[in-house]
Amino acid sequence: MSVVLTEPSAGPPVTPEQARLAPKVLLHDHLDGGLRPQTIVELAAEIGHELPETDAEALGAWFARMADSGSLVSYLETFDHTVAVMQTGPALTRIARECVEDLAADGVVYAEVRYAPEQHVENGLTLDEVVAAVQEGFEQGMEASRSDGGPGIVLRQLLTAMRHQARSREIAELSVAWRDRGVAGFDIAGAEAGYPPTRHLDAFEYLQRENSHFTIHAGEAFGLPSIWEAIQWCGADRLGHGVRIIDDITVADDGSVELGRLAAYVRDNRIPLEMCPASNVQTGAATSIAEHPIGLLTRLRFRVTVNTDNRLMSSTSMTSEFTHLAEAFGYGLRDLEWFTVNAMKSAFLPFDERLAIIADVIKPRYAALAGSDEA
Ligand SMILES: O=c1[nH]cnc2c1ncn2[C@@H]1O[C@H](CO)[C@@H](O)[C@H]1O
Ligand SMILES: [Zn+2]
């Protein structure tokens, strides 16, 4: 049976300025993929880590160029230089605080930021010390964002386990131990091919028994089997990327659309897709923003959310993602609000807190923007 396609909302596409002012929610952002180039330069000089470029601007361009490789594996190699400067408590706290500042300046009101604690223990920090150092930075940043008396930005950590390693159960336990102190959930990341999510079933079953939340990077570099395992074997609450769900959707010559069983399951169960358009173009998971499956998935009313993935490697921001999507698909303020409410509904935050941010921050600020647009 074919399914109904919706049109983008009426109204002019948003301008970059409107995209910047609009309140935004970010569920998929890597702490080690979002450092300021200047901070990398300074921290690398302190510890004697050799960088490919020592000028901040040139270094930022180097990351974007190297990450623009068309392959997830080469994209991930650039993280060697960020992870290298994230091995002490003060460095992690600084990077976490700057992350909050940068997201707040971008108009983000709620964010879940992830990283893999196991990658930050090279100099002897314990896993607990890593999480504590990041939390300290997030708290400093959140507090500073409230200095004008407003609601400020709310940040939570997601703890990632690397899918090619064997520490996922331990990291899952770490996320449960910290769940009332700033950690909202768990994730697995890293190269997808050869490392299916079921390799970490023990961690996911543990989290389910603990009534805990998790997302899984799936359907980015690898296709439907990875999405199917993530949902039907591992019980993922959300999908990191999930772009390849498009492989289970058929568009006929007359434009009618049919969903396969997995795509229908994902849509019917409102499973959130953490889509990261700029990152997908770089790793080759999509050919361009205009051809990105997010266009069709949005028209099919999947639970689509828009995310940055790695702001440094993809030289992106939430404002930039929304601006490019508006250019490609004509999205107006109502569409941006829809993505934002979708993301807030899908956050690993208690229900009351999600509703409060939607009612007190997102809705009024979109209404005010729409009002100033008509005036
Ligand atoms: O798009 C992605 N797909 C898979 N893994 C990723 C992606 N972006 C970053 N990482 C991996 O996640 C680790 C923890 O943050 C990063 O070090 C990187 O290896
Ligand atoms: Zn990611």
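Modeller: Let us begin with Ala368, which is found in helix 16 (residues 351-374). Helices (H or I, at least four residues) and strands (E, at least two) are DSSP runs, numbered from the N terminus. This is a predicted model, in which local features need pLDDT of at least 70 and side-chain atom pairs count only at pLDDT 80 or more, while totals for chains, interfaces and linings use all residues. Residues are numbered from 1 along each chain as its sequence is written, and chains are lettered from A and ligands numbered from 1 in the order in which they are written.

Colleague: Is Ala368 buried or exposed?

Modeller: A residue is buried if 20 or more other C-beta atoms lie within 10 Å of its own, exposed if 12 or fewer, and partly exposed in between, with C-beta atoms placed from the backbone. Ala368 is exposed because 12 other C-beta atoms lie within 10 Å. In sequence, Ala368 and Ala22 are 346 residues apart, but their C-alpha atoms are 9.6 Å apart in space.

Colleague: Which residues does UniProt list for "domain: Adenosine deaminase"?

Modeller: UniProt positions are given in the numbering used here, feature names are shortened, and annotations may be inferred rather than shown by experiment. The unreviewed UniProt entry lists residues 23-363 for this domain. The end C-alpha atoms of that span lie 9 Å apart, and its content is 47% helix and 15% strand.

Colleague: Which residues does the UniProt annotation "binding site" cover?

Modeller: One such annotation, from the unreviewed entry, covers His28, His30, His217 and Asp309. These residues are spread over 282 residues of sequence, yet they cluster in space, with a largest C-alpha distance of 12.0 Å. A further "binding site" feature in the unreviewed UniProt entry is placed at His30, Asp32 and Gly190. They span 161 residues in sequence, but no two of their C-alpha atoms are more than 12.6 Å apart, so they gather at one spot.

Colleague: Where does His28 lie, and what does His28 touch?

Modeller: His28 lies in strand 2 (residues 24-30). His28 is buried because 30 other C-beta atoms lie within 10 Å. Two residues are in contact if their C-beta atoms, placed from the backbone, lie within 7 Å. Not counting residues up to four places away in sequence, His28 touches Gly240, Glu274, Cys276, Asn307 and Asp309.

Colleague: How should I read His30 and Asp32?

Modeller: His30 is also in strand 2, and His30 counts as buried because it has 26 C-beta neighbours inside 10 Å. With residues up to four places away in sequence not counted, His30 touches Arg114, Tyr115, Asp309 and Asn310. Asp32 lies in the loop between strand 2 and helix 2 (37-47). Asp32 is buried, with 24 other C-beta atoms within 10 Å. Leaving aside neighbours within four places in sequence, the contacts of Asp32 are Phe79, Thr82, Val83, Met86 and Tyr115.

Colleague: How many residues surround ligand 1?

Modeller: A residue is near a molecule if its C-beta atom, placed from the backbone, lies within 6 Å of it. There are 19 residues around ligand 1, and the closest are His30, Phe79, Tyr115, Ala116 and Ala189. Helix 4 (72-77), helix 5 (79-84) and strand 3 (108-115) are the elements that give two or more residues to this shell.
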